[in-house]
Amino acid sequence: MKGIVFTEFLDLVENKFGLEMVDEIINASNLESEGIYTSVGTYKFSEMLQLLQHLSANTGISIDDLLLVYAEHFFSVLEDSYSGLLATYKDPIEMISSIENHIHVEVRKIYPDAELPTFEVIEKTDNSLVMIYKSSRAMHHFGLGLMNKTFEHFNSKASIVLEKLKADGTEVKFLINKN
Ligand code: HEM
C-alpha cells in the first residue's frame, strides 16, 4: 500500500483525535515501518489494518465507518494532486465506471506497485451503475466514500447500496442510482 495512504490517514487521525491517538495506535501496533511513512514509500497493508483496528478499538467507531470518513478526506487529496485526471470527466457515473479501465490504469503508471481493487461494470445507464468490487483488502467502504465525494464533486447526488457477495467483504456489489 502506498505511503500517501498512510501519511494522509495519520494526518486525519491527528486532526480528529489528536497526536496522542496517533502515538497510541502506532505503539499498539507491530509495525515493520515503526510508524514512519513517506508519501512515496510502499508499506504492508497489514500495517494499515492494525492502525485501523486500534483506532476502532479506541474510538468505538467501526472499521467500515473509519474507512468511509477517511475516503471522504482522501478524495480532496485526489482533487488536489490529480486535478487533470479528474477534469477529463463531466459526469460522476462516467467517472466511476472508468476506474478500472482508465483512472486506476493511470495510477498504475505512476505507482507500478500500487495495490488496487478491480471494479467490473455489470450494468450502466445514464443514471445508474451496477459494479462488482473485488479486493483481498476488503476496502469497500473506502470505495463508497470516494463514490460519495465523486457525486458531490459534480454537484450531484446518488443512493448507493452495497451487497456483500462474500461475507468477508472481498467481493461486493455496488448499486448506484443518481437522484
Ligand atoms: C486505492 C488512486 C479514484 C477506489 C487507490 C490507491 C491510489 C488510488 C493511489 C492506493 C493504492 C495503494 O495503496 O497501493 C486513485 C486516483 C483516483 C482514484 C488518483 C482519481 C483521480 C478512485 C475512485 C474510486 C476508487 C473514484 C471509487 C470507487 C479505490 C479503492 C481503493 C483505491 C476502493 C483501495 C484499495 C483496495 O480496495 O484494494 N486509489 N483512485 N479510486 N481506490 Fe482509487
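## Surroundings of the ligand

Among the 27 residues around the ligand, those that come nearest are Lys 2, His 104, Glu 115, Tyr 133 and Ser 135. The model described here is a predicted one, and the space that the ligand takes in it is the largest cavity.

Secondary structure elements contribute to this shell in groups. Helix 5 (83-86), helix 7 and helix 8 supply at least two residues each to the shell around the ligand. Helix 8 provides the largest share, with five residues.

His 104 belongs to helix 7, which spans residues 99-110. Through its NE2 atom, His 104 is the only protein donor of the iron atom of the ligand, at 2.1 Å. A polar side-chain atom of His 104 also lies 3.1 Å from a nitrogen atom of the ligand.

For Lys 2, a backbone N or O atom lies 2.7 Å from an oxygen atom of the ligand. For Glu 115, a polar backbone atom is 2.7 Å from an oxygen atom of the ligand.

## Strand 2 and its partners

Strand 1, residues 118-124, runs antiparallel to strand 2, and the pairing extends over six bridges. A hairpin of three residues joins strand 1 to strand 2. The pairing of strand 2 with strand 4, residues 171-178, is also antiparallel and extends over seven bridges.

Leu 129 illustrates how strand 2 is connected on both sides. Leu 129 in strand 2 is the bridge partner of Lys 124, while the bridge partner of Leu 129 in strand 4 is Ile 176. Strand 2 is mostly covered, since six of its seven residues are buried. In a regular strand, side chains alternate between the two faces of the sheet.

Most residues other than glycine have a negative phi. Glu 34 has a positive value, with phi near 60°. Ala 138 likewise has a positive value, with phi near 50°.

Glu 34 is exposed because its relative accessible area is 63%, over the 50% limit. Ala 138 is buried because its relative accessibility is 18%, under the 20% limit.

## Ala 158 in strand 3

Ala 158 is part of strand 3, which covers residues 158-164. Ala 158 and Phe 17 are 141 residues apart along the chain, and their C-alpha atoms are separated by 30 Å.

Methods
Residues are numbered from 1 along each chain as its sequence is written. This is a predicted model: local features need pLDDT of at least 70, side-chain atom pairs count only at pLDDT 80 or more; totals for chains, interfaces and linings use all residues. Side-chain values use heavy atoms; hydrogens and water are left out. Buried means under 20% relative accessible area, exposed over 50%, partly exposed in between (1.4 Å probe, protein chains only). Donors are N, O and S atoms within 2.8 Å of the metal (3.2 Å for Na, K and Ca); water is not among the atoms, so sites may look incomplete. Helices (H or I, at least four residues) and strands (E, at least two) are DSSP runs, numbered from the N terminus. Two strands pair if DSSP finds at least two bridges between them. A residue is near a molecule or strand if one of its heavy atoms lies within 4 Å of it. A polar contact is a pair of N or O atoms within 3.5 Å; within protein, one must be able to donate a hydrogen and the other to accept it, and residues adjacent in sequence count only if both atoms are side-chain atoms. On a 1 Å grid over the protein atoms alone, a cavity is a set of points where a 1.4 Å probe fits but cannot get out, and a pocket is an open set with protein on both sides within 12 Å along at least five of seven lines; lining residues have an atom within 4 Å of a point. A molecule sits in a cavity or pocket if more than half of its atoms lie within 2 Å of its grid points.
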